[in-house]
Amino acid sequence: MRISFRLIGSLVLAISVISVLFAIFQVNTEKRSKRNELSRRAEIIAESLRESVELLPPKGSEKRLRQIVEKFGSPELLAGVVIYNKDGKPILVTSDLGKRLGSKLPPVQNGVLQGKTVGRFFNAGQTEWHAYYVPLHTGEQISGALAVFNDATYIEAQTAKTWRDTFTRVLVQVLVIAGITLLVIRWSMVRPITRMAQWMRDLRAGKTVPQPGLIGEDVLRPLTQEVTHMATSLRRARASAQEEARLREAAESLWTAERLRVFLQGTLEGRKFCVVSNREPYQQFYRGSSIETIVPASGLVTAMEPILVASDGTWIAHGAGDADRATVDERDRLRVPPGDPRYTLRRVWLNRQEEDGYYYGFANEGLWPLCHIAHTRPVFRAEDFRYYKEVNSKFADAVIEEVGDVQNPIILVQDYHFALLPRLIKEKRPDARVAIFWHIPWPNPEAFGICPWQHELLDGLLGADLIGFHIESHCRNFLETVDRALESRIAWERMNVTRGSHLTMVRPFPISVEPQDAPDETHERESVFLERAELLRELNIEADFVGIGVDRLDYTKGIPERFHGVERFLERHPNYCGRFTFVQIAAPTRTRINRYQDIIAEVESEAERINRRFQTRRWKPIILLARHHSHKEIARYYRAADVCMVTSLHDGMNLVAKEFVASRVDGGGAVILSRFAGAAQELLDALIVNPYDTEQLAEAIRMALELTPEERRGRMRTMRRVVKEGNIYRWAADLIGAVSGIRLDMPEIVKSPADARTQASGQAR
Ligand code: ADQ
């Protein structure tokens with residue numbers, strides 16, 4: 001309460017002082033103007049009296065003089081008139097002036113008998129008076145003086161009234177402001193803080209309670225954000241401690257964020273760590289006059305951030321946001337995450353031609369279709385490859401600059417945008433441990449061999465100490481490609497390549513997602529039911545069963561094939577018409593490339609065609625939501641769906657399948673999964689399909705919807721265990737364990753990533 005009193009006290013004091021100062025000013029101004037007005041009136045009366053008096057003959061006119069004087073002496077404020085002779089003696093005084101003055105008549109003022117007019121205020125008894133003197137003339141001679149006396153008490157009375165009004169106003173203002181302040185403090189501060197304190201008490205007691213909606217309170221926003229972060233960290237730390245305890249109890253070895261952190265401390269041993277990727281973890285865009293930061297939806301940030309934080313490392317990426325330049329320092333750097341800066345983001349700028357040639361051209365019109373066997377012909381332009389080389393060396397310069405003088409740095413390069421980078425880095429910094437992770441498939445040697453620059457690409461990649469793919473078959477395809485195309489020695493069982501004197505390990509590291517747990521399954525099942533009803537209402541349809549697909553709108557994802565599967569399913573099982581709806585979330589991507597415009601048009605027209613065939617007033621077989629969705633939005637669909645369809649024609653891993661499994665804390669839902677996605681190697685309890693086989697797809701949908709509850713839960717349980725154990729933290733630990741364990745003097749010493757991890761984590765635990 002003390003703060004309320006302080007606040008109200010200060011407001012009252014400030015208002016009172018300001019009001020009093022204004023009142024003093026107002027009173028003085030009014031008083032001055034009233035006095036001037038009175039003087040002016042006295043002057044007018046005195047002047048007109050003088051004229052009348054001076055016209056009378058000097059002798060024998062006393063009676064007339066008295067009449068004139070008495071006539072003027074009557075107005076309300078005019079108290080009386082006095083006529084003095086030339087010696088200054090009063091010779092004529094209006095009748096009751098003496099009584100009203102209550103004292104002797106004041107003498108005529110100095111100078112008046114010398115021809116001056118004088119006006120003055122004076123006090124007599126309790127009353128303030130004003131007297132105005134003018135000289136009287138007879139011809140040229142001064143024959144006496146005339147004085148007009150006015151009662152000036154009304155001026156003081158008005159001043160007193162102004163003060164009284166001021167005090168009343170101040171009092172009312174003070175009461176109103178004190179009341180409003182108390183209410184505002186109660187509503188905007190006391191209540192939210194009490195609620196937040198209760199929330200924190202509940203959290204401390206280990207209860208799972210939703211965060212109270214306090215974010216709207218402007219003043220408290222920084223505090224609520226900090227407290228929310230703290231609460232989240234507390235919850236995570238508690239969950240992780242419980243998990244650790246549980247694991248110790250069960251002698252399991254599950255990777256958590258905390259375990260990764262501890263592992264990294266031991267493994268990195270203070271070494272500098274850099275990640276290079278095309279996409280940056282934080283992009284900034286102008287939204288009106290402010291700048292908005294966006295975290296692109298990707299598991300990579302989740303996996304890489306703990307490593308960068310543990311090493312205070314640097315993430316080097318293409319600055320593609322329109323406000324990116326406005327937020328970096330003079331060395332193109334920025335500390336991130338915003339609000340909790342723990343590592344450095346170094347932005348590399350590309351001009352339009354570079355972006356077109358390197359990113360849209362060679363990487364996405366050349367390498368992407370080359371590595372995905374999805375029957376889209378790769379386009380190879382020499383001009384694009386030239387930009388690809390230029391941009392790779394631009395990034396190499398940035399890496400060398402960021403690493404500086406630090407010895408034995410670890411550089412992790414991401415993806416097919418940077419095939420030439422490992423060699424470029426190693427040439428300048430042989431002491432660096434360089435790994436590249438290839439997120440997309442590697443095709444067989446015949447398919448890869450059509451690339452006119454396959455030798456340069458392979459040679460660039462073999463500059464790395466470690467090359468990672470998602471699955472073993474991609475590693476084998478890579479080794480076979482090297483075997484066919486380049487002079488090198490390959491140790492097939494150990495999956496190593498030696499080119500010249502440099503050894504490169506090739507290993508599978510299946511990428512994954514964050515695991516999710518729910519403490520209370522019954523509660524979850526109820527909320528899933530409600531969530532689905534809410535979603536269907538928002539989509540304005542009625543359906544008993546919901547299917548979900550989440551993809552970038554890419555021709556490798558098999559979206560039209562999936563729609564054909566839905567169409568065939570409804571043809572074969574018409575009893576599902578009006579009951580099964582498939583929701584496709586599809587984010588347009590790389591839209592500057594013609595093939596991507598074609599796939600958007602194809603997906604839209606197929607959805608429309610199939611809908612026209614089957615839809616009713618309250619139901620549609622396909623709902624296409626062709627825009628980017630936040631992770632939170634996507635998670636709602638995952639939780640509400642009966643089946644998730646992943647029908648990629650070819651996919652390195654496919655995180656959507658794993659995200660769906662991870663999000664099903666209720667144990668429900670089924671997965672239809674293409675056998676051409678890397679995830680099919682791990683999620684063996686999904687319904688594995690060939691996306692080109694429409695009949696099989698239709699049958700898989702039926703099976704997914706008609707699984708017995710036990711079977712569905714049994715399959716989901718197994719898949720959840722796989723995702724939980726092989727989670728994103730384990731992926732990061734395996735990769736970093738392998739690259740940091742490389743001995744440059746005798747690299748063969750590290751046999752496998754798991755060995756490396758065990759060696760390194762031995763120190764960490
Ligand atoms: P992608 O080809 O992008 O990744 P995927 O693995 O499925 O494919 O990851 C897509 C990610 O984007 C998921 O996290 C998903 O939730 C999100 N996403 C998809 N559609 C979205 C939408 N409409 N709105 C918002 N987010 C959306 C490449 C390779 C994959 C490999 C990953 C990771 O092609 O084979 O699994 O890298 O290595």
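I began with one pairing in the predicted model: Gly-547 has Val-643 of strand S21 as its bridge partner. I then looked up the two strands concerned. Strand S18 is joined to S21 (residues 643-646) by 2 bridges, and the two strands run parallel.

**Entry: the parallel sheet**

I traced the sheet that contains this pair. It is an open sheet of 6 strands, ordered S20-S19-S18-S21-S22-S23, with parallel pairing. Strand S20 (622-625) and strand S23 (687-689) are the edge strands, and each of them pairs on one side only. From one strand to the next, I noted an average twist of 20 degrees.

I next asked which strands helix H20 lies across. Helix H20 (residues 694-706) lies across S18, S19, S21, S22 (670-674) and S23. Its direction runs at about 175 degrees to that of S23.

**Entry: the ligand**

I turned to the ligand and counted its neighbours. It is surrounded by 25 residues, and the closest are His-439, His-629, Asp-651, Leu-655 and Glu-659. I sorted the shell by residue class and found 12 nonpolar, 7 polar and 6 charged residues.

I then looked up contacts to oxygen atoms of the ligand. For Glu-659, a polar side-chain atom lies 2.4 Å from a ligand oxygen. For Met-653, a backbone N or O atom lies 2.9 Å from an oxygen atom of the ligand. For His-470, an N or O atom of the side chain is 3.2 Å from a ligand oxygen.

How much of the ligand does the protein bury? Taken alone, the ligand exposes 720 Å², and the protein buries 91% of that. I also recorded which elements give two or more residues to the shell: strand S18 (545-552), strand S19 (580-587), helix H18 (631-640) and helix H19 (655-663).

**Entry: the antiparallel sheet**

I examined the pairing of S3 in detail. It is joined to strand S4 (residues 127-138) by 7 bridges, and the two run antiparallel. One of the pairs I looked up is Asn-123 with Glu-128, the latter in S4.

**Entry: two hairpins**

Strand S15 (residues 489-491) pairs with strand S16 (residues 496-499) in the antiparallel sense over 3 bridges. Within this pairing, Ala-491 has Asn-496 of S16 as its bridge partner. The hairpin has 4 residues between the strands. Among them is Met-495, in the loop between S15 and S16. I noted its phi near 55 degrees, which is a positive value in a residue other than glycine.

S16 also pairs with strand S17 (residues 502-508), again in the antiparallel sense, over 4 bridges. Val-497 has Thr-504 of S17 as its bridge partner. Between these strands the hairpin has 2 residues, and Gly-500 takes a positive phi near 65 degrees.

**Entry: a cis peptide bond**

Finally, I asked where Pro-337 lies. Pro-337 is in the loop between strand S10 (333-336) and strand S11 (343-348). The peptide bond from Val-336 to Pro-337 is cis, and I recorded its omega near -10 degrees.

How values were computed: Residues are numbered from 1 along each chain as its sequence is written. This is a predicted model: local features need pLDDT of at least 70, side-chain atom pairs count only at pLDDT 80 or more; totals for chains, interfaces and linings use all residues. Side-chain values use heavy atoms; hydrogens and water are left out. Two strands pair if DSSP finds at least two bridges between them. A residue is near a molecule or strand if one of its heavy atoms lies within 4 Å of it. A polar contact is a pair of N or O atoms within 3.5 Å; within protein, one must be able to donate a hydrogen and the other to accept it, and residues adjacent in sequence count only if both atoms are side-chain atoms. Accessible areas come from the Shrake-Rupley method with a 1.4 Å probe; for residues, only the protein chains shown count as cover. Ala, Val, Leu, Ile, Met, Phe, Trp, Tyr, Cys and Pro count as nonpolar, Asp, Glu, Lys and Arg as charged, and the others, Gly among them, as polar. Axes are lines fitted to C-alpha atoms, for helices over the stretch in contact, and angles run from 0 to 180 degrees between N-to-C directions. Contact means heavy atoms within 4.5 Å.
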